[in-house]
Every structure is written in structure tokens, then in C-alpha cells.
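Here's a quick look at one protein model with a ligand. We'll start at the ligand and then move to a sheet.

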Amino acid sequence: MSHAEEAIRPRTPRIGEEARSADAPRSVPSDAAYSPPRLIELSPQNLYDKCMALARNLWWSWHPEVTNLFRELDPIRFRQLDHNPIALLAEFTPERLEARAAELVLYSRINQAYRRLKEYVGAEDTWSDVHAGVLGSKPVVYFSAEFGIHESVPIYSGGLGVLSGDHVKSASGLGLPLIAVGLFYNQGYFKQQLDIDGYQHEEYLQTRVDLLPIEPAIGVDGKPIVVQVDTRGGGIRAKVWKMAVGRCNLYLLDCDVEGNSPEDRALTSRLYGGDTRVRIRQELVLGIGGVRAIRALGVTPGVYHLNEGHSVFATLEAVREQMNANGFSYDDAVRMVARQTVFTTHTPVPAGHDRFDGGLIEEHLGPMRDSLGISHEQLMALGRVEPHNHAEPFCMTVLGLKLSRRANAVSQLHGHVSRKMWANLWPWRVEEEVPIGHITNGVHVPSWLSWQMLQLYDRIFPANWFRKMGEPGIWQSIYDVDPGELWETHYALKNLLLQFVRRRVSRQCRRRGECDEAVEAARNVLDPNILTIGFARRFATYKRADLVLNDLERLFTLIADRDRPIQIIFAGKAHPADEPGKGLIRKIANLRHDPRTSGRIVFIEDYDINVCRHLIQGVDVWLNNPRRPLEASGTSGQKVVLNGGLNCSILDGWWAEAYDGKNGFAIGRGEIHANDEITDRRDYEALYETLEKEVIPCFYERDADGLPRRWIQMMMNSIGSLAWRFSAHRMVMDYARACYVPAAGGVSCDMTNR
Ligand SMILES: *Cc1c(COP(=O)(O)O)cnc(C)c1O
């Protein structure tokens, strides 16, 4: 193609570009003596383009004032469309949008939001400019099998995905050069519905690509990127989507392309849907395809961050690249790649780690090992604890640990558990010196903080507090807030939660075809003056959603207490293949038929980011009772902290290092018992002990003004001591200082034990 052709060839416009060129000042001849003042007018198309530019960068999702702009255009439709602004705008013509904007006086707010987005994306004085300059030319490439950014982008299933999403958002906030890589699931995770008998049914919906904030990723050659990964049985192709998350881009590989077999076209349809063969093929595309996609973009990574084992095949492709492009020997290339690689493990049970047998590995990694010049046995050895044990399958976590110089668990306790679990990989070291450190997970404050609390903090906290939310000092300002006002704000949020619960529960009743009285009762369920406990998470057995139900008589006594009752809101999905998990859901959902619950136990269907947000912003107490030490970190309780709720939890995961005796409630003292049966019995006793002796009395103890002073003090202690420490800003800064900067060749400050 000639230069001339290149110059006129249309290219994909970048986000917001159209609107910017329309805004640019017209050039005025230099000899013009006078140009009459010209009012800047917005054409309907221009206004529409600005709204669309806002909708196409997920930055809007953590800016309540921008979210509210979309909501106000049509509150009911916005809710029905899963808060997807692109889907909402698709229902407007530019002219109708303009009329609606004029009616609601939205012009200046749209302009201001648009200007703020432009400023944000172009800002230069970020935290990373000062603290992580070395990454400027050598960005971090962050791999994860799922990303939970917003409920309208259904490419996540639960905690791991939401953590990845929060990581990217905080990287954006800190200005950290980070490129994220994941898979595009066009059916995402399932929608959950319970039938009249309380049994979970799964529904997979086809995602409308045209209504998502994604566009084809364009390579350095100016063409849409398509990568191919070879197996012994032929190639698997994937196209690549680009999604803007603030200042960062997320690239998503999608196997639904021409040239793939029908099975391979469906390879990336669903999260964690298939057997091990589907799994290894997905992971091949994510790891190897992901590195190839990054290369097609013309990016030279400084750091590979592999979030959980799914993506660690990326290391092999990076080794191959070092050998091919730079002429390194295999051994030198492995050393180089390990120095650049950060590996995060999330799974505290041995059975939870991906493992593949030799046959699957040879079929899928055969061509790769040919390029690396290594034998099948050499390759298998990379994934084995005992390299020569032929009976041992290939474990992704082992490969991750061997091919990274920096590895970490996701809480202090999980660090201990992981060092113990993988000690055999370093038999010559004592356990404390097994090279797996920890960086505790955190949550993206702007995404989980309610608008009401934000207003309160904004008024009382120092002016620049939002930029420093990952630092301790700032949150001490919570003690300057008027206790009555903090309580009022929390009470308002609790009322919003109850509105949400009533809307959902009555809708559920209607869908199941229940009688009018049941629907009417659902419209009035729960009472804002009653102590409200939330329990929502995956229904994995170790999380023990039914622990509180162990002795129903005792529970009903608490629920029906005349002076100090409690009410509980449950939500959560069971994996489609997990029958015991579905049984638990059924047991809880069916309690509503028991008159002794007085309607004070409800189950909200289809737990997702939206349901989670409502719950964590409005509950009094967030209950968590996993079987210790199986909760690697947990993050939902961290979201509760920001909004003034209190945690009541087993001392596991993040809570084991967060609880200080004054900032929430502990269940038990962190014991580990001989077997599950004893553990469950003791933990159940401890749970009731804490509820009956601490939580309930403290909540209902009121002063002359009707305020629960001790409780409010605890809310303040919780916010003051925990909000910064369990923020994703602190987490990403830790990763930057301890891992990214040294891995990219900057000054080392090693926290991860290596
Ligand atoms: C935050 C979040 C989680 C994580 O919950 P934990 O039980 O604390 O691990 C899971 N799912 C969704 C939708 C979330 O928003």
C-alpha cells in the first residue's frame, strides 16, 4: 500500500475523537481584525456523540454523577437494561436525546462530564509518574480469566473477576501503565432463577456485542488483530476486542471467528463451562493467544502479571519470543521471563488448582515445545512438584511458581497456607522461606462507595482525600463526622436496600406465579428498624451459607424476639454442577414458607455486581463464616466497610489481619479443629455466641437521642482503620513497589520473600 493510500484510508476513530474534532476551534485568518462572538452550539448529533463517548469508557461506572446522567434520561429503562448506557442510548435518536436533555437541563452536566473524562485520560501528574516511571515505556500486562467491571458487561462469575476489575480500575486511577488481557465470553456467566420449589435454574443469554463498550482491537499493521494458537490437532483462532476502562485498556480474546471448527467457535462462550479439554483450550488461548495479541499491538511488556493459574501458559510464549526474537538460549530465556513475571495464587485447597494429564498437554503444547526445543518430559517437569514423577499431572500453579521470580498469595494467612502447600517445590528451604509472599486484596473505593457516603466524606475529609484513598491518614477524618449524621446516612442507605429487596422479592414471586397476597406481602417485607444481616456469596460448600441455620429453633428465637429481632438477606449462585450447593440454596429459599420466620429471611436471586452493591451499601452487618483457612481473602466485607456496615466474620482471609477487637466482630478466635464436623459445631456455637452476646445487644443499645453510640463508634473504627488498608489503591501500590517496578528493572523494594 502506498503512502497516499495510507493517508486517505479511513481508520477506526478513537474514543471521543469525533466529538473532539467537532469541538476544535475553527482556524481564523491571522489578519482578521475582528471576529464576531460565536455561541458554541451543540448539534443533536454532537450531544449524542458526547454521551456515546462517555458510555464507551467504563470510567462512567465509578462516577455517580455520570451514572446519574444516564439514569435520569430514563430511570426505568436504565434499570431494565442492566444499567447499560449504550443499550439505553440505542433507544434514543439524537433529536429525542436533545429534547430530553433540554427538558432535564442536562447540557452543562454532559459537557462537564465529557471534559472531565478527557482531562482524566490525558492527565500527567499521576502517582505512577512519580513512583513507577520505569513502567512508562514497559507496561504491565495483567492476565486474568475473568473481569468484573460492571453488571452490564457479563464476563465475570465472582470474586476473582471483581478483584481483577478493581485492580484495573485502581491502576487507571494511579496512572499505572497497565494493559489487561482476558477472554470474551459471549454468553457470560448464567442468570439464576429459583423455581417454586427453591431449586436453582441456569439461563445463558447471548450477549449483544453491538451494545457493549468494545471495538475490534487494531494492530500496528492497521488491521483488526486475529491471533492463532497451534495444537497437534490444528490451530485455534481468536479475534481481539478492546474495552476502555478509564486510562487502561482491556483486551478480550474471542474464538467465535471464521476458520474455527464449530466447537472452537463456542470455546469462549461460557465461563468455566466445559470439561478439562475445553478448559486447557481456553487457557491456551488466554495465555499464548494473549501474549501474541499484545505483540500484535506493538507493545513490549515490562512485566507479566498472571492473576491465578489460568493464564500461565503465557510464560511459555514469552520464553519462545525471547529465543526467537532475541536469540537467547532456552535456559537464559526462562531466566529472563521469570524475572519479568509476577504470579498471584488464589486457591488454598490443593484440589482447586488446574491440572492436566500428559495427553492433553502433548496435544495442546506439542507445537510449543517443538519451538522451545524441549522434550515432552522436560515440559511436564515444569508443571510437576516432583519433576520425574510420571504419575503426576501438569499443574498450572506449579508452572506459575517455577516461571516467576515473584509470587504471592492474597492475604497474610493465605501466605502461610500457600507456603505450606507448596513447600515441596523447595525441599531445601524451611517453610517460612518458601518464596511465596502475600499482598492482601483490596476493593476499588469509587466503585463500591455509595453516593450518600461520598457526599458525607467530601464535606468532612481534606480536599484531596480522593487521590489519597490508599493512605492511612486520610481516613482518620471519619472521627470528625457527627455521629448522628453518620447514623442517619447509614439509615437512609438501609432504606434504599430494603426498597431494592422488596422490588426484587415481589418480582420473583410474580414470576413464579404466586398468589396476589404473597406478592403483596413481598412488597412490604423487612423493617428498617430491625438489625439487618447480609450474607451473599458463591454457594461453595466451604462458605457454609447454612451455618446460621444449624439449629432452626435458636434462629427463630432470635428472629422473632419482641424487643431485639434480627432479619437476614441471602443471595448467591451455586455452580451449575454443584448439587450440594443448589440444595443449600433450596433450604434457605424455602424458609420463607415457614411462618416462624415472619418474613424475616429473604433470598435475592441472581447475585451479581448490582445486587452486591445494593447489599454492601445498606446492611448493618455482613456475615461471613467460611471453614478456616479456606477463604483466601474475600473482598465483599471490604466493600461493606466503606459504607459504614460492620463485619461479623470467622478470622479467615482478610478479616484475620483486619480485626482489632474494636472495628467489628469476630466469630471464634481463629482455631483450626481436627475435622470438619468438629469445626462446624464449634463455629456454629461461636457464631451464636457472638450474635447473642455482642452484635444484638450493641445494636439495640440506644442513648437518650435514640442513637446506638457504641455501634456508631465501631462504624468509625471500622472505616478509620480498614478503608485505606483494604482499598485496591493500596493493593496496586503494593504490587507496583514490590513487584512491578523491580520486575521491570527499576529499584527493588522486595516484599514478596524472594
Ligand atoms: C465482591 C464480589 C464478590 C467477592 O465476594 P467474596 O465472597 O467476599 O469473595 C463476589 N461476587 C460479586 C458479584 C462481588 O461483587
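Predicted model: local features only at pLDDT ≥ 70, side-chain atom pairs only at ≥ 80, totals over all residues.

Residues are numbered from 1 along each chain as its sequence is written, and side-chain values use heavy atoms, with hydrogens and water left out.

**The ligand**

The ligand has 14 residues around it, with Lys-543, Cys-612, Thr-635, Ser-636 and Lys-639 the closest (a residue counts if one of its heavy atoms lies within 4 Å). Here are some polar contacts, meaning pairs of N or O atoms within 3.5 Å:

| Residue | Protein atom | Distance to a ligand oxygen |
|---|---|---|
| Lys-543 | side-chain N or O | 3.3 Å |
| Thr-635 | polar backbone atom | 2.9 Å |
| Lys-639 | polar side-chain atom | 2.7 Å |

On its own the ligand has 390 Å² of accessible area, and the protein covers 93% of that (Shrake-Rupley method, 1.4 Å probe).

**The sheet**

Six strands make an open, parallel sheet, ordered β17-β16-β15-β18-β19-β20. Strands here are DSSP runs (E, at least two residues), helices likewise (H or I, at least four), numbered from the N terminus, and two strands pair if DSSP finds at least two bridges between them. β17 (601-604) and β20 (665-667) are the edge strands, each with a single partner, so one side of each has no neighbour in the sheet. β19 (646-650) and β20 run parallel, joined by three bridges; Ser-649 has Ala-666 in β20 as its bridge partner.

Key
Polar contact = N/O pair within 3.5 Å; in protein donor to acceptor, adjacent residues only side chain to side chain.
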